[in-house]
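The exercises below ask the reader to work through a protein model. Each task is followed by a solution in steps.

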Amino acid sequence: MVRIYLIGYMGVGKTTVGKKLAKLLDIGFVDLDKFIESKYHKTVPELFAERGEREFRLIEQKSLIEVSEIEDVVVSTGGGTPCFFENIRLMNQTGTTVYIHAEPEELAARLRTSKTVRPIVSGKTGEGLTLFIAQHLKERERFYNQAQVIYETDRLITKEDIHLTVDRIADEIKKRLK
């Protein structure tokens, strides 16, 4: 049984890497945000706006508990998932956690070009976005750094970059599972 949780800041590439990693390992893939959206028939930004962050985090925790029972799966979590309600402990107890790390400047560049709506950074641009990410990342890293595998990446631009990252993460996971 294999269960891998990908954690890290928004825009780091958890979903992109997760899909490729699941395919490489020939196991399932779950994007936790998409799981929540299909269950509640609303987007994450809609849930955030309607219910507030605390209620959303409770929904997220409940969904994570459900997903943590799925076997042979790669789970791409939301950026805040590990930071609330002992979620990082649950993930470490039920699978292998992989923190994908990138520097704030790289994350800001990715988020500026992203088509995904991210409520927490909406309205932030330029240097303000980079400074916000740096501060927010600093707050969250105490949770992220509890991951069993930490993978540094600053480039996920080309398909080759993505394949290289996935191969290296897969190698790390295979070592841990032996």
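Predicted model: local features only at pLDDT ≥ 70, side-chain atom pairs only at ≥ 80, totals over all residues.

**Exercise 1.** Determine in which helix Lys 34 and Glu 37 lie, and classify each as buried or exposed.

Solution. 
- Step 1. Lys 34 and Glu 37 both belong to helix α2, which covers residues 32–40. They are 3 residues apart, about one turn of the helix.
- Step 2. The two residues form a salt bridge, with 3.6 Å between the closest N and O atoms.
- Step 3. Glu 37 has a relative accessible area of 19%, so Glu 37 is buried. The cut-off applied here is under 20% for buried.

**Exercise 2.** Describe the salt bridge between Glu 172 and Lys 175, and then the one between Glu 86 and Arg 89.

Solution. 
- Step 1. The side chains of Glu 172 and Lys 175 meet at 3.6 Å, N to O. Both residues are in helix α7 (residues 159–177), 3 residues apart, about one turn of the helix.
- Step 2. Glu 172 is partly exposed because its relative accessible area is 32%. Lys 175, at 57%, is exposed.
- Step 3. Glu 86 counts as exposed at 51% relative accessibility, and Arg 89 counts as partly exposed at 47%.
- Step 4. The count of salt bridges in the model comes to 8.

**Exercise 3.** Which residues does Thr 97 contact, leaving aside its neighbours within four places in sequence?

Solution. 
- Step 1. Locate Thr 97 in strand β4, residues 96–101.
- Step 2. Its relative accessible area is 0%, and Thr 97 is therefore buried.
- Step 3. With those sequence neighbours set aside, Thr 97 is in contact with Tyr 5, Ile 88, Met 91, Asn 92, Gln 146, Ala 147, Gln 148 and Val 149.
- Step 4. One of these partners, Asn 92, is joined to Thr 97 by a polar contact of 2.5 Å between the side chains.

**Exercise 4.** Which residues of helix α5 are buried, and where does Asp 26 lie?

Solution. 
- Step 1. Helix α5 covers residues 104–113, and its buried residues are Pro 104, Glu 106, Leu 107, Ala 108, Arg 110 and Leu 111.
- Step 2. The elements that cover these buried residues include α6 (126–144).
- Step 3. Asp 26 is found in the loop between α1 (14–25) and β2 (28–31). Asp 26 counts as exposed because its relative accessibility is 70%.
- Step 4. Asp 26 and Asp 72 are 46 residues apart along the chain, and their C-alpha atoms are separated by 8.6 Å.

**Exercise 5.** How many residues line the second largest pocket, and how do they divide by class?

Solution. 
- Step 1. The volume of the second largest pocket is about 150 Å³.
- Step 2. The lining consists of 11 residues. Those nearest the centre of the pocket are Leu 111, Arg 112, Ser 114, Thr 116 and Val 121.
- Step 3. By class, the lining contains 4 nonpolar, 4 polar and 3 charged residues.

Technical notes
Residues numbered from 1 in each chain as written. Heavy atoms only, no water. 1 Å grid on protein atoms, 1.4 Å probe; cavity = no way out; pocket = protein on both sides within 12 Å on 5 of 7 lines; lining within 4 Å. Points joined across faces, edges and corners; volume = space filled by probe spheres on them. Nonpolar A, V, L, I, M, F, W, Y, C, P; charged D, E, K, R; others polar. Helix = DSSP H or I, 4+ residues; strand = E, 2+ residues; numbered from the N terminus. Buried < 20%, exposed > 50% of the residue type's maximum accessible area, 1.4 Å probe, protein only. Salt bridge = Lys/Arg side-chain N within 4 Å of Asp/Glu carboxyl O. Polar contact = N/O pair within 3.5 Å; in protein donor to acceptor, adjacent residues only side chain to side chain. Contact = heavy atoms within 4.5 Å.
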